[in-house]
Amino acid sequence: MMMKWWQNAVVYQIYPRSFQDSNGDGIGDIQGIISRLDYLQELGIDAVWLSPVYASPNDDNGYDISNYQAIHPDYGTMADMDELIEKARDRNIRIVMDLVVNHTSDEHQWFIEAKKGKDSPYRDYYIWRDPVAGGVPNNLTSAFSGSAWTLDENSGQYYLHLFSSKQPDLNWENEQVRREVYDMMNFWLDKGIGGFRMDVIDLIGKVPDKEITADGPKLHDYIQEMHQETLKGRDVMTVGETWSATPETARLYSHPDREELSMIFQFEHILLEEEPDKSKWDIKDLDLVEWKKVLTKWQVELTADGWNSLFWNNHDTPRVVSRWGNDTTYRKESAKLFAILLHHMRGTPYIFQGEEIGMTNRVIQSVDEVDDIESRNMYYERLEKGYSEEELLHLINVRGRDNARTPIQWDDSKHAGFTEETPWLPVQPNHVEVNVKQALEDKESVFYTYQKLIRLRKENPILVRGDFKLLLPAHPTVFAYERQFEGERWLVCGNISSEPQEISLSESGEADVMIVSNYSRAAVDLKAIQLKPYEAFSIKLK
């Protein structure tokens, strides 16, 4: 089977606001990204997923787009964008644009026109409903708290927004909306981008009158039409953000014969931290046995007729080293452990900026320090319901989106080399010890583990194409598995715990060559393995 470039690739996510400031305004920008392309080339990545740089009022940090074919002045100009695409291509790095087409900003020209009245030609670009019993049309709620309906006083109708009230949902049933979206996508594809990451793409087929949001009946029809009108015949990568996905629906999205998407982001392993049928803020301890079961399901069930993405964290989730690792005593060890466990699995790995140096979560003491709209809304909504301030700040520190959004820690200077001025979000105090400069100088750093893992994927088909077999499924802290391809077998093992563990993997046979280890382990006896806290390694088997 001929593999696509994106099946062998490793993708690096850039949250541009926090990556590198080049003009001293405290906000990262496109020229800042260009100035760091050599660093990304040294790391070895193949593509950059670029979070939105479009024109936006920034109600949701750029995921509320007011003009799809203009660049926000904070980030630069279209000429800067063209330069980024070209200079990245010179280094064999493709730029994958974030595509947000479930909704726009309420400051998009389409919505401005739509609000002028029911007879506006743009009215049907969005979803409007009359009041029911003098109130909202139904019980749909926003992901950012409260009702998903907001009253437009001028017309007396409500409009739908599954996120902020400043993010009205587009009406995908309107063919003209779809035409506009496809034209815009082709505008970017013609510039030579490497593809799209598609924000909450599982919501575009919504049927609001039936309170269906994800996985509506026309969802896959729309995506197949999108493919025909924009992606067909182009050598690009697409990844859909699909919080509702199952392995069955993942095959619908990613089976090559269906001509929809390259792959999806699924979140089942992350949702295990939430109480069933509640919100992301109703948290519970992670059950590692269940977590391994979920990861294995996604490894095994997409082997023949779909493709998986691999990630621990992104701009919407906490940093893995703080959430599931130990970001104090064993920061480097646990950062390397999660890298080793992820990059040996089947699928396309994603690295979130700063993950490759083991950056940690941001701890806040007051709601005044919170930038994220989702966290702020939750705080005030639950405060009214009687939750304590201490409890709510704990939830934000554990699950809030600002955790991932602090500026990249380039060096140990005042603002970590991110900016000369005050950064839009404070730099982590630990940047004095945890930074790129230090990582590049230390041959045992987290960075070089990532670099080695990326190189291993390029050089070893077993990582891309090999079968996956879970070992020790019931062990409460050890995640161990085998990969197998054309007679070659690798064993991967990690102890996700601050306590040493003793295990036996004798049924796997005999160890041959150590591939990578976060404790500089030279050899292992599979009959009696003494695992140190957060130790991980991979070996070839005889």
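Me: Which elements do the buried residues of α6 pack against?
Reply: In this predicted model, the buried residues of α6 pack against β3 (54–55), β4 (67–71), α4 (78–90), β5 (94–99), β9 (195–198) and α7. The buried set itself consists of Val177, Arg178, Val181, Tyr182, Met184, Met185, Asn186, Trp188 and Leu189.

Me: How many residues does α6 have, and what span is expected at 1.5 Å a residue?
Reply: Helix α6 covers residues 175–190, which is 16 residues. From first C-alpha to last it reaches 22 Å, close to the expected 22 Å.

Me: What is found at the two ends of α6?
Reply: At the start, a side-chain oxygen of Asn174 comes to within 2.9 Å of the backbone nitrogen of Gln176. After the helix comes Gly192, with a positive phi near 95°.

Me: Where do Ser145 and Val200 lie, and are they buried or exposed?
Reply: Ser145 sits in the loop between β6 (128–129) and β7 (149–152). Its relative accessibility is 25%, so Ser145 counts as partly exposed. Val200 belongs to the loop between β9 and α7. Val200 has a relative accessible area of 5% and is therefore buried, the cut-off for buried being under 20%.

Me: How should I read the packing of two helices, α7 and α8 for instance?
Reply: Two packed helices are described by the angle between their axes and the distance between the axes. Here α7 (residues 219–231) and α8 (residues 247–254) pack at about 25°, with axes 10 Å apart. That angle makes α7 roughly parallel to α8, because angles under 35 degrees count as roughly parallel.

Me: Which residues of α7 and α8 meet?
Reply: From α7 come Leu219, His220 and Ile223; from α8 come Thr249, Leu252 and Tyr253. The residues of this contact divide into four nonpolar, two polar and no charged.

Me: How does α10 read in terms of span, start and buried residues?
Reply: Helix α10 (residues 288–301) has 14 residues and reaches 20 Å from first C-alpha to last, close to the 20 Å expected at 1.5 Å a residue. At its start, a side-chain oxygen of Asp287 reaches to within 3.0 Å of the backbone nitrogen of Val289. Its buried residues are Leu288, Trp291, Lys292, Val294, Leu295, Thr296, Trp298 and Gln299.

Me: Now the loops. Where is Asn314 found, and is it buried or exposed?
Reply: Asn314 is in the loop between β12 (309–310) and α11 (320–323). With a relative accessibility of 4%, Asn314 counts as buried.

Me: What does the side chain of Asn314 reach, and which residues is Asn314 in contact with?
Reply: The Asn314 side chain reaches the backbone nitrogen of Asp316 at 2.7 Å. Setting aside neighbours within four places in sequence, Asn314 is in contact with Gln13, Trp49, Phe267, Phe352 and Ala404.

Me: What can be said about Asp411?
Reply: Asp411 is placed in the loop between α14 (389–399) and α15 (436–441). Its side chain makes a polar contact with the side chain of Ser413 at 2.5 Å. Not counting residues up to four places away in sequence, Asp411 touches Ala416, Gly417, His431, Asn435 and Lys437. The C-alpha atoms of Asp411 and Val432 are separated by 7.1 Å, the two residues being 21 residues apart along the chain.

Terms used: Residues numbered from 1 in each chain as written. Predicted model: local features only at pLDDT ≥ 70, side-chain atom pairs only at ≥ 80, totals over all residues. Heavy atoms only, no water. Helix = DSSP H or I, 4+ residues; strand = E, 2+ residues; numbered from the N terminus. Buried < 20%, exposed > 50% of the residue type's maximum accessible area, 1.4 Å probe, protein only. Polar contact = N/O pair within 3.5 Å; in protein donor to acceptor, adjacent residues only side chain to side chain. Contact = heavy atoms within 4.5 Å. Axes fitted to C-alpha atoms, helices over the stretch in contact; angles between N-to-C directions. Parallel < 35°, antiparallel > 145°, perpendicular 65-115°, else oblique. Nonpolar A, V, L, I, M, F, W, Y, C, P; charged D, E, K, R; others polar. Expected span 1.5 Å × (residues − 1).
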